[in-house]
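Please walk me through this structure. I have not seen it before.

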Amino acid sequence: HLDSAFAFKVILNGPWATCFVGVVWVFSMVIMSFWWRAAEVSMCLQEVHMFQDVRCFERNAKIWDMGDVTGSEIEKFNDTYLWNALWVIWCTSSSVGYGDFTPTTHAGRTVAGTTAFVGCIAAALLTAAFHSLLAWSPDEIPAMMILQRERSKRTLATLASSYIGKWYRRKRALGLHWKHGDRTAR
């Protein structure tokens, strides 16, 4: 009985595995970028308001407490530029994490965490796909064995001639010669 895991294995061991993983990774980064952008936007900071909420006039609508021990605060601004969102998601999914953008909302943190997890999985799958792509085929294995045998023969001949040359030079330096199996001085 074949199931979807078999189909997934066939895709990852096929010749197009690296392209498949790369396309899925890029597609997931684009989707996560839209989610990041939506999660990090504050409605109080939108230029066009459909309605004005009284909470938007409070201090914490624009100045956000980061909730850490130091009591640091940031001034929230809406960055709706998609390329910045793609940059954040790329840095997060590739595990680079420059730190120039950080999530300020819980939804943004969830998107960043999910992106990091998906990036780790995609990097592992891409590595496996490259390994599958670079593995020797059954036709290439005998050819590699022949090449290794010929390389070994050449290495053996080189080492043998080097050994004989060293032996001869040593014999000559010591002034010894061989006569009927006996070692005598010249």
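The protein has five helices and four strands. Both are DSSP runs numbered from the N terminus: helices are H or I with at least four residues, strands E with at least two. From the N terminus on, the order is α-α-β-β-α-α-α-β-β. This is a predicted model: local features need pLDDT of at least 70, side-chain atom pairs count only at pLDDT 80 or more, and totals for chains, interfaces and linings use all residues. Residues are numbered from 1 along each chain as its sequence is written, and side-chain values use heavy atoms, without hydrogens and water.

Now to burial. Of the 186 residues, 20% count as buried. Buried means under 20% relative accessible area, exposed over 50%, and partly exposed in between (1.4 Å probe, protein chains only).

Helix 2 covers residues 17–39, and Ile31 lies in it. Ile31 counts as partly exposed because its relative accessibility is 31%.

Next come helix 3 (residues 82–93) and helix 4 (residues 106–134). Their axes come within 7 Å and cross at roughly 50°. Axes are lines fitted to C-alpha atoms, for helices over the stretch in contact, and angles run from 0 to 180 degrees between N-to-C directions. Helix 3 is therefore oblique to helix 4. Angles under 35 degrees count as roughly parallel, over 145 as roughly antiparallel, 65 to 115 as roughly perpendicular, and the rest as oblique.

The loop between helix 3 and helix 4 holds Ser95. Most residues other than glycine have a negative phi. Ser95 is not a glycine, yet its phi is positive, about 60°. Ser95 is exposed, at 62% relative accessible area.
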